[in-house]
Amino acid sequence: MEPAEQPRTSPAVRAHHARARLGVSLFFFLNGFLVSGLLTRLPEVKGLLALTEVEFGLIIAALPVGSIAAAALPAPLIRRFGAAAVASAGTAVLALVFTAAAAVAALGPGAEAGTGPGSGGPAAWAPAIPWIVAALIALAGFLDAVVDAAQNVHGLIVEQARGTSIFNSLHAIWSVGSVTGGGLGLLASTLRIPLWAHLSVSGAIGVGLALWAWRLSGPNPFASDRTGPAPRKRTVIPDEDDSGETTDATGTTDATGTSAEPGRSAADARPAAGTTGAEETGTPDGTSVGDTAGGEAARPASSASGPDRSAAPSKWALLAGVIALGLLGAFVEDLGMNWSSLYFSEVGGVGVQFAGIAFVVALTGQLIARFTADRLTDRIGRPGVVLSGGVCVTIGMLLAMGVAQPWAVVVGFFLSGYGSATFIPTAYAAAGMIPGFGHGMGITLASWALRIAMLSSSPLIGLTAGALGLRYALVITVVAGLGAIVLAFTPVLRSVDTGRR
């Protein structure tokens, strides 16, 4: 006897979704928390290892190099084990790697001089300690890239199951985790708590919360959704459970390839005994294509009445577009994170003791936007959110560059932080909904490309500042704001947008 269908608004389903959202929120929080804990104490790492400036720079470069080396690995891992399991295991191992790096650094040659705990490592392998730390930091970057892709894929799955946007707030929680981890690092440094002790505590917290997050998500987090009515029509990425069964918002596909037609519930799609399954829809690699942004149900390409797909952008064109949006956000965020204090001091003319106000203002704008953008996304769609963000960035940077008074700089950086906050989350969400990329491959490729390109943001701003002066280097972010406005009117976001709901 078939189980009764369970409404998606029932208390059990709502509680199930709440647990899943808490689980994925913990993944994002921990990712920011663990990384920032080490970053705030990097000067101590330099002292413990007795590094020169050049050597220190090379070791720090191991983090992005390791992340780039991950390449397309997250996608097959997600396909094999599921996004939640990969995020949980990766986060737990990442916490242990940071702990190991701190423990090894505590044995460095700098510890012998009293710059850290312990009395230095054994003479036989002490010269190798900096290389071991560098290898561990590279491994941390590698794991961070895997976790980043997995948690974004899982976040999008949770969003699709809920039927309401949560992606921007998840990235806001990542920022909260970064601030929390950084604050704990500063407190530990102030209290002269050894680096290895601090990161051991952080690592234990990370492992415990990562396992709890996986338990909240469960090995099959949305089984109840598969027996209930189909959610709103929208293009989604597939959700895969331990049995290999794949489901999405337009129907279900079981391990034998049986597929429900768009708009039908899973119960309607079940084949009767001795009959064949419904006609399979979707792309050859298993990615189910939901409704178009315009609201019409997608039909198989062979259908005579189906839309002309020849005019639609290819999946690679869509991927390039969402990566471009992420890059625009990266340039604006890099300015706010790494250059705002210097700009406020040198161009705004404030004392160095107040220079950090610009950084705090930019980060505050970012957090406010990410915590409020989900509701706005549900009302006006992702293109509308990107358009409004681009306008804020353009106006804010023109104000900071054109007026260059303290009040104008503060307002300008707030607007830039507020406006750009949704660019990278939107790029990740859009990459995950591109038809034709299955099992998180869109997000994996977007994350990999962004990590490579982000390495150029600060050098480019620095070169522009050297050529035009720091004040007029803001022209890069003005162009970024205008670029976001242009992208909002292209098929890039509208082809993967969920539309108004």
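Author: A charge sits over a ring if NZ of Lys or CZ of Arg is within 6 Å of the ring centre and within 35 degrees of the ring normal. Here Lys315 lies over the face of Phe437, at 4.8 Å from the ring centre. The model is predicted, so local features need pLDDT of at least 70 and side-chain atom pairs pLDDT 80 or more, while totals for chains, interfaces and linings use all residues. Residues are numbered from 1 along each chain as its sequence is written, and side-chain values use heavy atoms, without hydrogens and water.

Reader: How many aromatic pairs are there by the ring rule?

Author: Rings of Phe, Tyr and Trp (its six-membered ring) pair if their centres lie within 6.5 Å, and planes under 30 degrees apart count as stacked, over 60 as edge-to-face and the rest as tilted. The count comes to 4 aromatic pairs. Among them, Phe29 and Phe33 are stacked, 5.7 Å centre to centre with 15° between the planes. Both lie in helix H1 (residues 11-39), 4 residues apart, about one turn of the helix; helices are DSSP runs of H or I with at least four residues, numbered from the N terminus. Trp316 and Phe437 form an edge-to-face pair, 5.0 Å centre to centre with 85° between the planes. This pair links distant parts of the chain, with Trp316 in helix H12 (residues 315-346) and Phe437 in the loop between helix H15 (423-432) and helix H16 (441-454), 121 residues apart.

Reader: Is Phe437 buried or exposed?

Author: Buried means under 20% relative accessible area, exposed over 50%, and partly exposed in between (1.4 Å probe, protein chains only). Phe437 is buried because its relative accessible area is 4%, and Phe33, at 5%, also counts as buried.

Key. Helices (H or I, at least four residues) and strands (E, at least two) are DSSP runs, numbered from the N terminus.
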